[in-house]
Amino acid sequence: MSESTLGGLFGGAALGGLNLNTAPAAPEHEETDETIHEVVIVGAGPAGNTAAIYAARADLHPVLFASSVAIGGALMNTTEVENFPGFVEGIQGPELMSNIAAQAERFGTDVRYADVTRLELEGDVKKIHTSDGKIHLSKTVILSTGSQYRSLDVPGEERLSGHGVSWCATCDGFFFKDKVLAVVGGGDSALEEANFLTKYASKVYLIHRRDSFRASDIMQKRVFENEKIEVIWNSQVVEIQGESTVNNLVLEDTATGQNRDLAVDGIFEAIGSDPRIELVADQLELTENNTIAVQGRSSRTSLPGVFACGDVIDPTYRQAIIAAGSGAVAALDAQHYLESL
């Protein structure tokens, strides 16, 4: 499976979609900013912003490159976050991300809303190319590029992206009041999306290719107790149909191979994600899971002065709190590296 689209206001699911299979195209003419920064951070999710907080408090004057479109990482597409320490009653994902980003800026982080198009990571001074035609220089680079949503790769998906196909219930659920929806997936994210969408939809089908969920017990309990949710086991979507908007799914029974139709007004995909390594795949050592390889519990990559944190190094846990802690590690590692020069 591959990823083609991020959902919602920050990725365009309601408006058409954002292709993340490759890095943004570089401009024809570039100009080098001769300032050599101490720390440049690529990616503005929990990991990147936490790295910025630590680097800024260490007086390293970090420059943080946030995407011009998909700002804030996966938390921007998350509904209620109940397991981030310090919020007894929980907090909405976008609000939590906004708070973390504001804290980073409070300590003097230089946030720039431009897409990084290319990285040159060899040598003592790293080069960061951005979509505004600038080449930025830095002694260290912290990579916190996160992960990207997987797609189903079925007929009709790309054509109807933004027209009933979405990856973000928080962003797009409002547009489906009193509609019949489908959610695809079997993990915590899928079950959370299904529960959230019942605030708007008249009915939500939760489609899973197996006969049991891998989600946490508490999320399963909420789904099974929600009268608006109907679970469809042992099924996978093989086609998304509709002229201008989604109106039908073709489901295949994974046990018998038989197909059937399911009339819906929209489909939300929550089938996992893959690390965003496009910018560095040909420069850094990777793991068998296609994450950036780091040394032990550190954030040090295969190149001196280059550090990585968050989901782009984590094939297992992928939690906001772990990404944030990973960002702190990266900033401290970068600080120690700079002190050794």
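Strand 11 and strand 12 (residues 203-207) run parallel and are joined by five bridges, where two strands count as paired if DSSP finds at least two bridges between them. The model is predicted, so that local features need pLDDT of at least 70 and side-chain atom pairs count only at pLDDT 80 or more, while totals for chains, interfaces and linings use all residues. Residues are numbered from 1 along each chain as its sequence is written, and side-chain values use heavy atoms, with hydrogens and water left out.

- Strand 11 (residues 180-184) is largely enclosed by the rest of the structure, because four of its five residues are buried, meaning under 20% relative accessible area with a 1.4 Å probe and protein chains only.
- Within this pairing, valine 183 stands opposite leucine 206 in strand 12.

**Fold and dimensions**
- The chain holds six helices and 19 strands, taken as DSSP runs of H or I with at least four residues and of E with at least two.
- Along the principal axes, the C-alpha atoms fill a box of roughly 65 × 45 × 35 Å.
- Of the contacts (heavy atoms within 4.5 Å) in the chain with a separation of 6 or more, 63% are between residues 24 or more positions apart.

**Burial and charge**
- Buried residues account for 52% of the 341 residues in the chain.
- The chain carries 25 positive and 48 negative side chains, and the centres of the two sets lie 4 Å apart; Lys and Arg count as positive and Asp and Glu as negative, without His and the chain ends, and each charge is placed at NZ of Lys, CZ of Arg, CG of Asp or CD of Glu.

Definitions and conventions
Buried < 20%, exposed > 50% of the residue type's maximum accessible area, 1.4 Å probe, protein only.
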